[in-house]
Amino acid sequence: MRVLVLTGAGVSAESGIPTFRGKDGYWRNLDPTKLATPEAFARDPKLVWEWYRERRQRIRNARPNAAHEAIARLAHQTDEFLLVTQNVDDLHARAGVAAEKMVQIHGDIFVTRCSRCEFERHEYEHPPSPRLRWTSEQEQEQEHEGVVPKCPDCDALVRPGVVWFGEQLSRNELERVEDFLDGGACDIVIVAGTTATFGYIIDWALRGNRDGAELIEVNPEETPLSRFATRLVREPAAIALPRIVSQIIRR
Ligand code: OAD
């Protein structure tokens, strides 16, 4: 079986990570879709770093939920599988989806990279067990609190290794998605917890589904993708996905 899964912020909502466009998404009365931009970073890098540090902290303290776990089960049980997530958190990885079966198309919040040169570092490894939370010993960022970190190589500002609005997606990661889509039609495409605001998400879902695959949307709300879905599941992901995955695995 060949399966493509596309996820967004809604899948991590039940782990306590606020979505971008939901009512809890605002931070200090600021709209996250305006903070996650090169313009916001150029204007106020300290503010943008504060927001990302808080998000990193929240993610470290969170645990994968039943939706992440169901997707990891599906990854293990299917012959050909790709998860394309817009989420920059590490909850899919901590639930057990292997790096080679997952593309983080909007980057990884735990990467810090230079805004000018090629310097890049991973701030954290995943905790030793997928179900563990980070402990305070592992929270190494305090020393940077309130400062805007600089590149050790060229002294320019460093930034989180995520894709901001208006920026190009990584060519490497794009190629991995394209290779999977070119590798054959899917039997099942699942799109969960995303507003599908970006055209490429809709495009990939439809290309995966080109030979009449099942296109399942899991989202309590309607999205631009809903009219193409062969099955609409208007439930939270942590409730719907364990059931959907069990049905698929039993086939
Ligand atoms: P959004 O915040 O736009 O959308 C979250 C979606 O999840 C909405 O459609 C909700 O209806 C749905 N949702 C909420 N709770 C849910 C639950 N428990 N189960 C299932 N669905 C639920 O997040 P994304 O679509 O991921 O990009 O946003 C896409 C991108 O826009 C993000 O990766 C980020 C953002 O700005 C960049 O920063 C480039």
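How many positive and negative side chains does the chain have, and how far apart do the centres of the two sets lie?

## Charge and basis of the model

The chain carries 33 positive and 39 negative side chains, and the centres of the two sets lie 3 Å apart. Here Lys and Arg count as positive and Asp and Glu as negative, with His and the chain ends not counted, and each charge is placed at NZ of Lys, CZ of Arg, CG of Asp or CD of Glu.

This is a predicted model, in which local features need pLDDT of at least 70 and side-chain atom pairs count only at pLDDT 80 or more, while totals for chains, interfaces and linings use all residues. Residues are numbered from 1 along each chain as its sequence is written, and side-chain values use heavy atoms, with hydrogens and water left out.

## Overall fold

Nine helices and nine strands are found in the chain, these being DSSP runs numbered from the N terminus (helices H or I, at least four residues; strands E, at least two). The radius of gyration, taken over C-alpha atoms, is 18 Å, close to the 18 Å that the globule rule (2.2 Å times the number of residues to the power 0.38) gives for 251 residues, so the chain is as compact as a globular protein of that length.

Of the contacts (heavy atoms within 4.5 Å) with a separation of 6 or more, 67% join residues 24 or more positions apart.

## Arg 60

Arg 60 belongs to helix 4, which spans residues 45-61, and its side chain makes a polar contact with the side chain of Gln 57 at 2.5 Å.

Key:
Polar contact = N/O pair within 3.5 Å; in protein donor to acceptor, adjacent residues only side chain to side chain.
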